[in-house]
Amino acid sequence: MKKSILLYLLVVFAMVLAACAPAVAPAPTQAPVQADPTKAPQPTQAPEATKAPEPTKAPEATQAPEAGLPEGVSNLLTVKLRQGIQWSDGTPFTSKDLVGTYNIYWAKADASWTYLKDVVAKDDYTVEFQLSSLSPRAVRLLLRANQPAAYSQYGKWMDQAGELRQQGLKNDSDEVKKFLDDLFAFKPETAVSYGPFVIDPGSITEAQLELVKNPGGYNADKIDFEKILVYYGETAATVPLVLAGEIDYATHGFTPSDVQAFQAMPNIQIVRGPTGTGPGLWFNHAKAPFDKKEVRQAFAYIIDREENAKVALGESGKALKFMAGFTDLQVETWLEPETIAKLNPYEKDLAKAEELLTQVGFKKVAGKWVDDKGQPIKFELAVPSDFADWLGSAENAAQQLKAFGLDASVRGFPSSERSTAQKEGKYDILVDLCLYYNPPHPQTSFNYYLNTPRNAPEAKDALKGFNWSWK
């Protein structure tokens, strides 16, 4: 057997005050483009797998628009597609696929259209993105994050979306809503991929699936194996396969005891990756006492984040230092020193926590905290129980809170129910992702937990998530 690699994610634990969030989806595969930004900064290069990444620098001020650009367009981004790539159904990958995809993105109100005025096919392999404004996020969305679909499979909807857009309709119009209903009703029987592999539908079971070679796909000629077997399951399902030597590559959050067992295996290499991600506490603002800022802040003073991280992930667990709402790896790049100096690091301080709780009328009776109405403060930490590292983090947090005199318990649920739990807000405190490191911009973290559907304070129905006001 080849030497196996376990990519053991460096997880940064942060118990944040007001919010902090399937395992986390990996970054999308890079689109097969050769970009030639005519007026945009070069996109950030991906870091080496085992090195800490250099944070992306904030962009320089956008230059003044040049004469001759279309009205409302300040920058052009020209993308040259690599010729000769084929979708797995045998059709060529061309600009028609890319422009059609962005027409559908327009209908879906994708974030890329915050920056776009138009997307134009200049020829079969050249696409021009006309930008109304420029930012590192715009460049990343267009060149790295958003993935094209095949015209051969979605051409009907691509053309319809393009016609609706050219008519000047708003993407919240009744016509576009009807279009989206039709699109979402389409359930293709097979996947069509431009990558080097494609899912074999006949191989899919509850336990695994196979990816088979797409000979005409991107970089297929540089890959020397014909098939990839992908197992389904979280840490508990994966550990036995690793110990049996049946896994070549895994990215789970393994516990310290798991890692100790793997280290005794001569054919296993553990790589602690450069990214910072991990769970925090999502307080449900619709439930007392978590609607009080002082209570949320008190929790941040109670929990020893260093201890919490080590219990959950051992050497790979790193406590959050800056408490900025995004990874420490980006703080010194995106914030000025005087701004960083104003951040509250919330170092463990039980006296400060007591002071905050007392300010809102809470008091300790026989070693247990009661609220301003004399009722015991009792709550649950809900956590995906099959995420072994998150479960360990939640259990340790509950222990620390109980030692302080708060009646905390842990309720586990399957990770497959995460999206429902997030949206419905049926929890006291949810242990979920608070750091989502997706360079170059810290906005990625904020967008994940502050935006709909996870947080929808102005929703007209009951689905408000954790209901943290945007105002």
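Guide: Helices (H or I, at least four residues) and strands (E, at least two) are DSSP runs, numbered from the N terminus. By that rule, Gln153 has its place in helix H3, residues 151-166. The model is predicted, so local features need pLDDT of at least 70 and side-chain atom pairs count only at pLDDT 80 or more, while totals for chains, interfaces and linings use all residues. Residues are numbered from 1 along each chain as its sequence is written, and side-chain values use heavy atoms, with hydrogens and water left out.

Visitor: Why does Gln153 count as buried?

Guide: Buried means under 20% relative accessible area, exposed over 50%, and partly exposed in between (1.4 Å probe, protein chains only). Gln153 has 17% relative accessibility, so it counts as buried.

Visitor: Which residues does Gln153 touch, leaving aside those up to four places away in sequence?

Guide: Gln153 touches Phe186, Pro188, Thr190 and Val192; contact means heavy atoms within 4.5 Å.

Visitor: Why is Phe225 called partly exposed?

Guide: The relative accessibility of Phe225 is 47%, which puts it in the partly exposed class. Phe225 sits in the loop between strand S8 (208-213) and strand S9 (227-231). Residues up to four places away in sequence not counted, Phe225 touches Phe197 and Lys213. Val212 is 13 residues from Phe225 in sequence, and their C-alpha atoms are 9.2 Å apart.

Visitor: What makes the pair Glu315 and Arg272 a salt bridge?

Guide: A salt bridge is a side-chain nitrogen of Lys or Arg within 4 Å of a carboxyl oxygen of Asp or Glu. For Glu315 and Arg272 the closest N and O atoms are 3.6 Å apart, and the pair forms a salt bridge. Glu315 is in the loop between helix H8 (305-313) and strand S13 (317-319) and Arg272 is in strand S11 (residues 268-272), so the pair ties together parts 43 residues apart in sequence. With 53% relative accessibility, Glu315 counts as exposed; Arg272, with 26%, is partly exposed.

Visitor: How many salt bridges does a search of the whole structure find?

Guide: The search finds ten. One of them joins the side chains of Glu380 and Arg411, at 2.9 Å from N to O. Glu380 belongs to strand S16 (residues 378-384) and Arg411 to strand S17 (residues 407-413), so this pair ties together parts that are 31 residues apart in sequence. Glu380 is partly exposed at 31% relative accessibility, and Arg411 is partly exposed at 31%.

Visitor: What distance separates the closest N and O atoms in the salt bridge of Asp432 with Arg418?

Guide: The distance is 2.7 Å. Asp432 lies in strand S18 (residues 429-435) and Arg418 in helix H13 (residues 418-424), so the pair ties together parts 14 residues apart in sequence. Both Asp432 and Arg418 are buried.

Visitor: Why are helices H7 and H11 called roughly antiparallel?

Guide: Axes are lines fitted to C-alpha atoms, for helices over the stretch in contact, and angles run from 0 to 180 degrees between N-to-C directions. Under 35 degrees counts as roughly parallel, over 145 as roughly antiparallel, 65 to 115 as roughly perpendicular and the rest as oblique. The axes of H7 (residues 293-302) and H11 (residues 350-359) cross at roughly 165 degrees and come within 8 Å. H7 and H11 are therefore roughly antiparallel.

Visitor: Which residues make the contact of H7 with H11?

Guide: H7 contributes Glu294, Val295, Gln297, Ala298, Tyr301 and Ile302, and H11 contributes Leu350, Lys352, Ala353, Leu356, Leu357 and Gln359.
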